[in-house]
Amino acid sequence: MRLMKQVVVIFAALVLLASCASVSEKNQKLAEQSMQKGDYASAFDQASQSLNAEIGNHKTIALFPSIAENAFTQKLTEIDHSKAEANWDRAAYGYDRIIAMNRTVQSIQDAMRIYAPRVQVTKAKRAAMNQLLAIRQHDVAALHDEAYEQAAAGHYGSGKRYQAAKDYRQAAGEFNRALSFVAGYRDAIKLAAETKHLADLADARIEYVKGVQAVGAHEHRAAATAFARADAFIRGFKDAHQLAMKYKAIADQEDALANYLQGERLAEAHHYRDAAAAFTTALGFVPDFRDAGLLSARYTDLANREDARRYYRKGERLMDRQEFDQAAIAFDQADRFVPGFRHAGAMADRARSYIAPEFFELKRLVQKSVDRGVPLSWLRDVHNGYAEDVKISTIRIIRQGRFNATHEYWPYRLQVKGVCDLEVAKGNEQKLAFDTVVDYRVFRDDFGEWRATFR
């Protein structure tokens, strides 16, 4: 038992190593493809993932120093361009990337220092490992802080300009951007709060005016929404909250009445399902609005009965066409709309019981029907003896008749092939083959099981 456990552990370890190697090799190949495209940023990430998965991947070890050098150079060049364009946000994020790359290089070098002394490798591979360990990191801490300071200053200046132009929403956004680079930059916290309040106050006034205008136009829902927005910008702004509640109540009454009247019109046109939905919508605006609850229940019931009748009639038509599987579905639908409707559930069960057996089931039934022997007429020229041990090899449906609804059976004309033993006299048997055409009746017995009999 202990030996078995050790084998399982070793096997699991081998599987794990194999999966790591496959991940490492996959990322190594991706890194090579990215190098060919000149995309050293992606190549750096893919090579790093390759070595993290397997520090002993010597193909990646050989590639990584060149990838790292080009990736650092590419990113530093991008940063210089950003500085030249005074795009300090991009420059700051570029230094973030350099710092992250430094950490990645350090992590890989730490892993290599543990791995390298433990392995025997060629001189070329040892040189590649030493080259990886010699990768120089870039100290950009001071440049990073300078870029963040410049980015904060840029957004602070933009915020002041927007503030002077009374574009308070934009100003607040710029002051907050400055704070995202340097926490507590100058008085940006105070200015962000002040400009946000001024922007909210201006928007509250605009929404309040919209509300007043909507009231004048008798657009009570729009008025309620506008007053609510005004109150959302500045809590307690004038009487916006009270007006929002007032006009919402008026709008709810209007919409409830409109849907109630729509429900009445739909009911008169005998569109009971839509009528019920309209009365339910009215209740969504004003609970207990008039008798909408009773009318919703009434027309839902009428719609259910109408749909139950429709599906029941559909089931009957499908039964007449002997499409029993679809008929069962229709009767089930009728029973779902109105449980117990005209015994629809029982009709569905009956329709399912009429569905003809599958071919493989039919073959089983034919085999079972000959377990006690077959008529000698199946054996053509042999006219005496007793057939037993009958084995059906194949059957072919020549014709399937319509279901006999009166006696509840399926008529089949089948070509039946097989072999049997013919006992002519005691102890004297012949092995015979037969190939005959037989009429069968397939029906369900008193226990609901399929049976087949030949005529």
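User: Which residues does glycine 94 touch, not counting residues up to four places away in sequence?
Analyst: Glycine 94 touches Lys75 and Ile79, where contact means heavy atoms within 4.5 Å. This is a predicted model, in which local features need pLDDT of at least 70, side-chain atom pairs count only at pLDDT 80 or more, and totals for chains, interfaces and linings use all residues. Residues are numbered from 1 along each chain as its sequence is written, and side-chain values use heavy atoms, with hydrogens and water left out.

User: Is glycine 94 buried or exposed?
Analyst: Glycine 94 is buried, at a relative accessible area of 6%; buried means under 20%, exposed over 50% and partly exposed in between, with a 1.4 Å probe and protein chains only.

User: Which helix does glycine 94 lie in?
Analyst: Glycine 94 lies in helix 4, residues 88–115. Helices are DSSP runs (H or I, at least four residues), numbered from the N terminus.

User: Turning to helix 11, which of its residues are buried?
Analyst: They are Tyr272, Ala275, Ala276, Ala278, Phe279 and Ala282. Seen down the axis of helix 11, these buried residues fall within an arc of 160°, so they line one face of the helix; the arc is that of the directions from the helix axis to the C-beta atoms.

User: What covers them?
Analyst: The cover includes helix 10 (240–268) and helix 12 (292–320).

User: And at what angle do helix 7 and helix 8 pack?
Analyst: Helix 7 (residues 168–181) and helix 8 (residues 188–216) pack at about 155°, with their axes 8 Å apart. Axes are lines fitted to C-alpha atoms, for helices over the stretch in contact, and angles run from 0 to 180 degrees between N-to-C directions.

Methods. Helix = DSSP H or I, 4+ residues; strand = E, 2+ residues; numbered from the N terminus.
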